[in-house]
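Here is a short report on helices and charged pairs. Look over the sequence and the model first, then read on.

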Amino acid sequence: MRFNDSLLVRHLSTLAPPAAAPADPGVAQRVAQWLNVADAITLHAAHQSVAQGPAQALPVRAKAPATPASLQQALERTRHTLRASVTRREKTLDTEYPLYHQRYQDEQRRMEMSVQALREHVRQGLLAQSDPRLAQLVAMDTMLGQMLLPREQRLLAGVPGFLKTRYHQLRTQHQPSPADGPAQALVPVNPQAAWLAQFVNEFEQTLLAELDLRLQPVLGMLEALGHEPVATPDPT
């Protein structure tokens, strides 16, 4: 994955308060530190092993070949279903942030399960092709997935907390000013408030950007498949 220029990183950067930028190294910079020396050595050794093409370094080849079109359709179905889940809205907007926090976590779990299933399906589709280079790609993607998934989960788990800060920032900005009357505690949230609608839109765009990030490995494998000859089914 290319985290540094991902849609999610760019989107979060636009929402971050300018004053907070110097104190926070940022999502992209933290992700750049994911691979330590041991990881780099392991990855380099795996790359050398896969590049040499020994049979034991490659996953077992799937039996039934899949066409690029069928795999692309699987991607589109998964993306459509997850996008529809993200953009569904109730008639009345929720007014308390804990409800958004819970929903974000629910959507993350749904994404993780669906995208991981799709990623494995695409891997199997590549393994069914006749080109050993695609099997090598699957081997490398599998290893990268094992190395990066736990750290990806920890990093993405912090996004709801980021949105909590954004929620309270927008709410505070739209509270009555001292000139409007005596100082008072935060007034109850109006479910029709423009700032709340803005937050909900940002909330959805953040989830869609995260979906884009999670799908990058799948898109990379499909792009590789599109540049390779496709195996024809065995008539026997």
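With which residue does Arg123 form a salt bridge? The partner is Glu120, and the closest N and O atoms lie 3.3 Å apart. A salt bridge here is a side-chain nitrogen of Lys or Arg within 4 Å of a carboxyl oxygen of Asp or Glu.

This is a predicted model, in which local features need pLDDT of at least 70 and side-chain atom pairs count only at pLDDT 80 or more, while totals for chains, interfaces and linings use all residues. Residues are numbered from 1 along each chain as its sequence is written, and side-chain values use heavy atoms, leaving out hydrogens and water.

**Salt bridges**

The whole structure holds 13 salt bridges. Three of them are listed here.

| Arg | Partner | Closest N and O atoms |
|---|---|---|
| Arg89 | Glu204 | 2.7 Å |
| Arg109 | Asp106 | 2.4 Å |
| Arg123 | Glu120 | 3.3 Å |

Arg89 and Glu204 link distant parts of the chain, 115 residues apart. Arg89 sits in the loop between helix H4 (68-87) and helix H5 (97-127), and Glu204 sits in helix H8. Helices are DSSP runs (H or I, at least four residues), numbered from the N terminus.

Arg109 and Asp106 are three residues apart in helix H5, so about one helical turn separates them. Arg123 and Glu120 are also three residues apart in H5, again about one helical turn.

How accessible are these residues? Buried means under 20% relative accessible area, exposed over 50%, and partly exposed in between (1.4 Å probe, protein chains only). Arg123 is buried because its relative accessibility is 10%. Glu120 is partly exposed at 34%. Glu204 is buried at 5%, whereas Arg89 is partly exposed at 45%.

**Helix H8 and Glu210**

Glu210 belongs to helix H8 (residues 194-226). Its relative accessible area is 0%, so Glu210 is buried. Contact means heavy atoms within 4.5 Å. Beyond residues up to four places away in sequence, Glu210 touches several others, including Leu8, Tyr104 and Leu156.

Helix H6 (residues 132-156) packs against H8 at about 175°, with the axes 12 Å apart. That angle makes H6 roughly antiparallel to H8. Axes are lines fitted to C-alpha atoms, for helices over the stretch in contact, and angles run from 0 to 180 degrees between N-to-C directions. Under 35 degrees counts as roughly parallel, over 145 as roughly antiparallel, 65 to 115 as roughly perpendicular and the rest as oblique.

Technical notes:
Helices (H or I, at least four residues) and strands (E, at least two) are DSSP runs, numbered from the N terminus.
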